Amino acid sequence: MFYKDDLIKLRYKKHTAISIIQAVKQDLVYNKGIPFYNNRRLGLVPRERVENLIGVKLDEE
């Protein structure tokens, strides 16, 4: 699972990290039909979805 702060630690800018999390949430809600992620305050998304979106395999820490 990933927060925006995890992406910031990987040297993404704050706005970019927020945009990535939002894009993953939209994909989960609209394409996968998971209404749980249709919450403004929820900032936790699956690692695999982030990796698929940015196209880079992230190291597990």
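In this predicted model, His-15 is exposed, with a relative accessible area of 61%. The residue belongs to helix α2. Between His-15 and Pro-46 there are 31 residues of sequence separation, and their C-alpha atoms lie 19 Å apart.

**Overall architecture**

The chain holds three helices and zero strands. Read from the N terminus, the order of its elements is α-α-α. The C-alpha trace extends over about 30 × 20 × 15 Å along the principal axes.

Contacts between residues at least 6 apart in sequence also describe the fold: 41% of them join residues at least 24 apart.

**Surface and charge**

The accessible surface of the chain amounts to about 4,800 Å², and carbon and sulfur atoms account for 48% of that area. Of the 61 residues, 28% are buried.

In soluble globular proteins, nonpolar side chains tend to be buried together. The largest nonpolar core of this chain comprises 13 residues, and those touching the most other members are Phe-2, Leu-7, Ile-20, Val-24, Tyr-37, Val-45 and Val-50. Helix α2, residues 14-31, makes the greatest contribution to this core, supplying six residues.

Beyond the residues up to four places away in sequence, Val-45 touches Met-1, Phe-2, Ile-21, Val-24, Lys-25, Tyr-37 and Val-50.

Tyr-37 is situated in the loop between α2 and α3, the latter helix covering 47-54. Tyr-37 counts as buried because its relative accessibility is 10%, and the cut-off for that class is under 20%. Once neighbours within four places in sequence are set aside, the contacts of Tyr-37 are Met-1, Lys-25, Leu-28, Val-29, Leu-42, Leu-44, Val-45 and Pro-46. Tyr-37 and Lys-13, by comparison, are 24 residues apart in sequence, with 23 Å between their C-alpha atoms.

Lys-4 is part of helix α1, which covers residues 4-9. With a relative accessible area of 30%, Lys-4 is classed as partly exposed. Apart from neighbours within four places in sequence, Lys-4 is in contact with Ala-17, Ile-18, Ile-21 and Gly-43. Lys-4 and Val-45 are separated by 41 residues in sequence and by 9.2 Å in space, C-alpha to C-alpha.

Arg-11 is located in the loop between α1 and α2. The relative accessibility of Arg-11 is 78%, so this residue counts as exposed. Most residues other than glycine have a negative phi. For Arg-11, phi is near 75 degrees, a positive value in a residue other than glycine.

**Separations in sequence and space**

The pairs discussed above are collected here, with distances taken from C-alpha to C-alpha.

| Pair | Apart in sequence | Apart in space (C-alpha to C-alpha) |
|---|---|---|
| Lys-4 and Val-45 | 41 residues | 9.2 Å |
| His-15 and Pro-46 | 31 residues | 19 Å |
| Tyr-37 and Lys-13 | 24 residues | 23 Å |

Note on methods: Residues are numbered from 1 along each chain as its sequence is written. This is a predicted model: local features need pLDDT of at least 70, side-chain atom pairs count only at pLDDT 80 or more; totals for chains, interfaces and linings use all residues. Side-chain values use heavy atoms; hydrogens and water are left out. Helices (H or I, at least four residues) and strands (E, at least two) are DSSP runs, numbered from the N terminus. Buried means under 20% relative accessible area, exposed over 50%, partly exposed in between (1.4 Å probe, protein chains only). Contact means heavy atoms within 4.5 Å. Accessible areas come from the Shrake-Rupley method with a 1.4 Å probe; for residues, only the protein chains shown count as cover. A nonpolar core is a set of buried Ala, Val, Leu, Ile, Met, Phe, Trp, Tyr and Cys residues joined through side-chain atoms within 4.5 Å.
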